[in-house]
Amino acid sequence: MYPKQFLSLLHDETMLQKTLLRLGGIEHSAPIVVCNNEHRFIVAEQARQIGLQELSIILEPFGRNTAPAIAIAAIHALMREADPVLLVLSADHEITDENAFCDSVKKASRLAESGHLVTFGIVPTQPATGYGYIRRGEARESGYSVDEFVEKPDRATAESYLASGDYFWNSGMFMFKARAYLDELQKFNPDMVKHCYQAADHMTQDIGFLRLDDDAFAACEADSIDYAVMEKTGLACVVPMDAGWSDIGSWSSLWEQGRRDEHGNSTHGDVMLTDTENSFVHSESRLVATVGVKNLVVVETQDAILVADKSKAQEVKQIVERLKQEQREEENYHRIVYRPWGSFDSVDEGDGYKVKRISVKPGARLSKQMHHYRAEHWVVVRGTARVFRDDEIFDLQENESVFIPLGATHYLENPGSEPLDIIEVQSGSYLGEDDIVRFEDMYGRSDS
């Protein structure tokens, strides 16, 4: 529920925010973000934080890989304007040279305007075995035709690719006209195009989001754009990009991408190192100190801490499998949960009590509700709170509080122009998020 796209890993901004901000050097219309329904509030909030007001957020009820997602975006773009050129970007790439990125995009746009389906080939810097490769063909204006897409190679094959100079890493970024992509997809998978049109035709508005039709999208086959189109079309071209690209596939790759001190250490947050070498140490909420260690990955967040040998960092997948097997919440949920009105952070929990820090956006309001099994005590720590409790309406300022008895109908809103932060202390026999009877909700939700 909180994947790497939404994390601040190498910058103050998250990877999604950096992707959107990277468009500043390119003339473009309002971005289209395709995401899972469960991530909608995080996407909207992160766009708001960087001042991005004009964008379309299309919600997939479930994942169907990149080919249908891009088809949906192409169909939506055609509803807005006549056959625009689409720049298709993953939201989890690191690019250090944004001028070089923009230069490659401008070169690709000329090929895309002439009807080609362009992929960006990363100029390889090492014989990497973790990426697929693209073999270039004949020169085409500002790029090359594509001779072949090849799967992830072994080390010896990767070394031969690097030595030849004819191969690029497959970046997973593309550029083409909306109609050109849909026409090629129609050739190779007409059913997918049909279901995508049906899902888009019955798309509904939902408080700033666009919801696809569940049944139509469910019928759509899952496939990647590489397999569905790019490896089959005769219109594929590749434009080289040498822009400090990485897909940040592991914690050790963050160490490779990040700035390192004279001892080879890369750090983030409140960190103190003594006699430490070639390590990646990431802190989000407290001081992390290391003494006398080498080649480690140490990652501290509010809800978990990871310590791993840097060479085995990808084996964290085994921990994730155990989390699934043991049905632990950490497999799905981060401690901070986003809602359309803001977010809450579960600060502490014990037998019969739970403490949350609740942040409410200006002008936002929680639903009108009641609880069967818990009472609540609210303390305002920042801003002004307007409280509705049964038949009462009153405002609370900083350092003021209110008690919400078990069974009382209540809601809370932020009437101010600044965020509202409150501390909520719950007490009762059951404190689950499903103990809620909702009477009224300005966001049209029946869930939390």
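This is a predicted model: local features need pLDDT of at least 70, side-chain atom pairs count only at pLDDT 80 or more; totals for chains, interfaces and linings use all residues.
Local features need pLDDT of at least 70 and side-chain atom pairs count only at pLDDT 80 or more, while totals for chains, interfaces and linings use all residues. Residues are numbered from 1 along each chain as its sequence is written, and side-chain values use heavy atoms, with hydrogens and water left out.

**Exercise 1. Find which residues of the largest nonpolar core touch the most other members.**

Step 1. A nonpolar core is a set of buried Ala, Val, Leu, Ile, Met, Phe, Trp, Tyr and Cys residues joined through side-chain atoms within 4.5 Å. Buried means under 20% relative accessible area, exposed over 50%, and partly exposed in between (1.4 Å probe, protein chains only).

Step 2. The largest core has 39 residues, and Ile72, Phe176, Tyr181, Leu185 and Met230 touch the most other members. Helix α3 (residues 66–80) contributes the most, with seven residues; helices are DSSP runs of H or I of at least four residues, strands are runs of E of at least two, and both are numbered from the N terminus.

Step 3. Take Leu185. Beyond its neighbours within four places in sequence, its contacts (heavy atoms within 4.5 Å) include Ala67, Ala71, Pro190 and Val229.

**Exercise 2. Decide how the rings of Phe176 and Tyr181 are arranged.**

Step 1. Rings of Phe, Tyr and Trp (its six-membered ring) pair if their centres lie within 6.5 Å; planes under 30 degrees apart are stacked, over 60 edge-to-face, and the rest tilted. The whole structure holds 14 aromatic pairs.

Step 2. The centres of Phe176 and Tyr181 are 4.9 Å apart and the planes stand at 10°, so this pair is stacked.

Step 3. Check burial: Phe176 has 0% relative accessibility and counts as buried, and Tyr181, at 0%, counts as buried too.

**Exercise 3. Identify what Tyr338 joins by ring pairs and by contact with Glu45.**

Step 1. Ring pairs link Tyr338 with Tyr2 and Phe6 into a cluster.

Step 2. Glu45, in helix α2 (residues 40–49), touches Tyr338 and Lys361, leaving out residues up to four places away in sequence.

Step 3. Glu45 is buried, because its relative accessible area is 11%.

**Exercise 4. State which charged end sits over the ring of Trp255.**

Step 1. The test requires NZ of Lys or CZ of Arg within 6 Å of the ring centre and within 35 degrees of the ring normal.

Step 2. The charged end of Lys310 sits over the Trp255 ring, 3.6 Å from its centre.
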